[in-house]
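Okay, everyone, thanks for coming. Let me put the structure up, and then I'll walk you through a few parts of it.

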Amino acid sequence: MRVLIVEDAGETALYMRRALEEAGHVVDLAADGPTGEMMARGGAFDVLVFDRMLPKKDGLSVVADLRTAGIATPVLFLSALGDVEHRVEGLKAGGDDYLAKPYAASELIARVEALGRRHEGGAASTHLKVGELEMDLLARVVRREGRKIDIQPREFRLLEYLMRNANQVVTRTMLLEKVWDYHFDPQTNVIDVHVSRLRSKIDRDFDKPMLHTVRGAGYRLEA
Amino acid sequence: MLKKLLLPLRSLTRTTSFRVAMAFAGLFAGFAVLLLGFLYATTVGRLGLEADRAARQVLVELSSIWQTEAIDGLNMAVIQRAARASDTLYVLVQPDGKVLSGNLDAVPLDLSQIDKPEAGSQLNPAQAVATSFSYERPDVDTGRIERRRARGVFLAGPDGFGLFVARDLGPGVQIADYVARVIWLGGAGVLAFAVVGGLMAARQAAGRVDELTRTTRAVMAGDLQRRAAVRTIAPGDGDEFDALTEDLNAMLERIERLVTAARTTGDSIAHDLRSPLTRLRARLEASAAKASSPEDLRDAIEDALIQLDGVVTTFNAVLRLSRLEAGEGGKLETLDVSLLVGQLADLFEPVIEEAGLSFTADIEPDLIIKADRSLLAQSISNLLDNAVKYTPEGEIRLSAKRLSGRDMAICIADSGAGIPVEQRNHVLERFVRLDSARSQPGSGIGLSLAVAIAELHGGRLSLEDGLPRGDGVGLEARLILPLAS
């Protein structure tokens, strides 16, 4: 995946580049708003990562202008302003996701990859398949190796998200945000319990586990 | 001494109130003078016109006598008339300019300037020369000499004699003069009053502005509790100064809240973050000194990361709480609470059951309120978190129901450790964690956050008796919110 990072704090930018490159992505850097805008208009990037506050032209304005110019590349905003209304501002300006500083490298990578994949399309399909695991979104039926798995509605949404991001790390915060639409930090491990219940349903009676815990990061559904 | 007295006077004359008073007084005075001038000119003009006509009529009568009976007949007539008329004045002058007869000392005209008709020509009253003049005569009743005004016409005859007939303008002029004098004096009086009144208004306004100035200066100097004195008035009766005073006080209230919030933010950050940071530092220090293998170091670093995340979470909560307490943040929109509580029940059910507790949710449908979904969800989530944390066994009940009146309640009841009645209000205050809670993880600001969020929604949080457990009773957190109208 080609990623453009527009971030004025040099050390942070280099650290982000190293993390994304280690995850196998190609990364370009820009250090201010206008440069970032120029590169975003010119290059073929899969994901754009914008800091909200940039020298010369702030990230919100740059992204709003890119959207007006018809550039639809997914944008992830990074910001020290983490409150809900800031997030809403970011999404209104044309951002696709919003990550508050400080963040874990795994969180950044997971979100960048999720955005890149979503851009590849396939979001409209009504039938998902990961290895031997299949989901029919219309009939709301889940099968593994042809056997029907009984699943609750809330587990269905969780599994759908995991299947759409199969073979990728998804973090607990991403699940809370994308599946439940909450933007706060629950102190208890609510997400873990939901995932482990889901895991008991899709993995228990089969030899090969599909739903893996990635230590210090989140979960990954593997084919 | 004098300078001392004049100095406040000078500063008063520079005030807006005084200037406005002066401007109005000037405007009124100017208007009065214009009106008066116009009234006077038209009155006197009209009286003059009437007198002129009357004088000419008499002149025509006398001219016919002059023509038919010559100068002797005219002289006779003038002597007779002058003896009885008081408002009509006559003078008959000889060719040498001396007065022959009449009731006036002289003709009030420069006779040498008047053209003499040719000898033998016809007497023509139309050629008479008119003039306005004043003269003195004793008043009929009091006998006091008074100056009066009259209008007269002079006709020079071909025989060299000249006849002057005049008519007094009458008492109308006196009245007009009198009125004019009264208005002049009255105008001066009005101006004097305006100056005094303007000074008084200026002084009063200056006094009230001074109160506002003193207040703002005191606040600028750091006395944040200072407020401007408010007059006791019935609601809606106040003037613009009362409104300004109230607005100023409201503004100071807000500033004080913001400053206090900024101060408590600092305090909270110190209070809530210092201990986890201290622990983190100690842990890292110990690992740096003692770790003997790369595995030990990795464990230490991973442990440190988890603690660091906890610090960030607490930091965010403190910031959010401070913003809420400063009255910032939160966008209230129409929200179906029944739906939200249902979703949260769904989110928490597995974790509660995993903790070995039974869970029931009893949610009345269609409860609509004005709320910030995210904040309200956080608040309920905090209360559920607490319930799970402090309930070792038994059950948790979540309910949402309509109350009598325009309120609704979201209740989280548990069969946990509970809180003694006398400590319930205390735990809602900031920074407070009961000693029994110190062993549990958490920053202790979850409840404060729930209180602040309830207040943002125009509601409140109360702690009541919860579900019974063996030897006592658990806790019920009750979030009471107003229903949307």
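Let's start with one pair of residues: A:Leu211 has A:Leu221, in strand S12 of chain A, as its bridge partner. Before I go on, keep in mind that this is a predicted model.

So, what's around that pair? Strand S11 of chain A and S12(A), residues 218-221, run antiparallel, and four bridges join them. They belong to an open sheet of three strands, in the order S10-S12-S11, with antiparallel pairing. Which strands stand at the edges? Those are S10, residues 169-171, and S11, residues 211-214, of chain A; each has a single partner strand, so one side of each has no neighbour in the sheet. From one strand to the next, the twist averages 35°. There's also a helix on this sheet: H8 of chain A, residues 190-203, packs there and touches S11 and S12 of chain A. The direction of H8(A) makes about 145° with that of S11(A).

Zooming out to the whole of chain A, we've got eight helices and 12 strands. Of its 223 residues, 39% are buried. If you take the contacts in chain A with a separation of 6 or more, 59% are between residues 24 or more positions apart.

Okay, over to chain B, and helix H5, residues 294-325. How far apart are its end C-alpha atoms? They're 46 Å apart, and that agrees with what you'd expect, because 32 residues at 1.5 Å a residue should span 46 Å. Several residues of H5(B) are buried, including B:Thr314, B:Ala317, B:Val318 and B:Leu321. After H5(B) comes B:Gly327, with a positive phi, near 80°.

Last bit, from the database. An unreviewed UniProt entry annotates residues 20-41 and 182-202 of chain B as "transmembrane region". In the model, residues 20-41 of chain B are 100% helix, with end C-alpha atoms 32 Å apart. Residues 182-202 of chain B are 100% helix too, and there the end C-alpha atoms lie 29 Å apart.

That's my tour, thanks!

Methods
Residues numbered from 1 in each chain as written. Chains lettered and ligands numbered in written order. Predicted model: local features only at pLDDT ≥ 70, side-chain atom pairs only at ≥ 80, totals over all residues. Helix = DSSP H or I, 4+ residues; strand = E, 2+ residues; numbered from the N terminus. Buried ≥ 20, exposed ≤ 12 C-beta atoms within 10 Å, placed from the backbone. Contact = placed C-beta atoms within 7 Å. Expected span 1.5 Å × (residues − 1). UniProt positions renumbered as here; feature names shortened; annotations may be inferred. Pairing = 2+ DSSP bridges. Axes fitted to C-alpha atoms, helices over the stretch in contact; angles between N-to-C directions.
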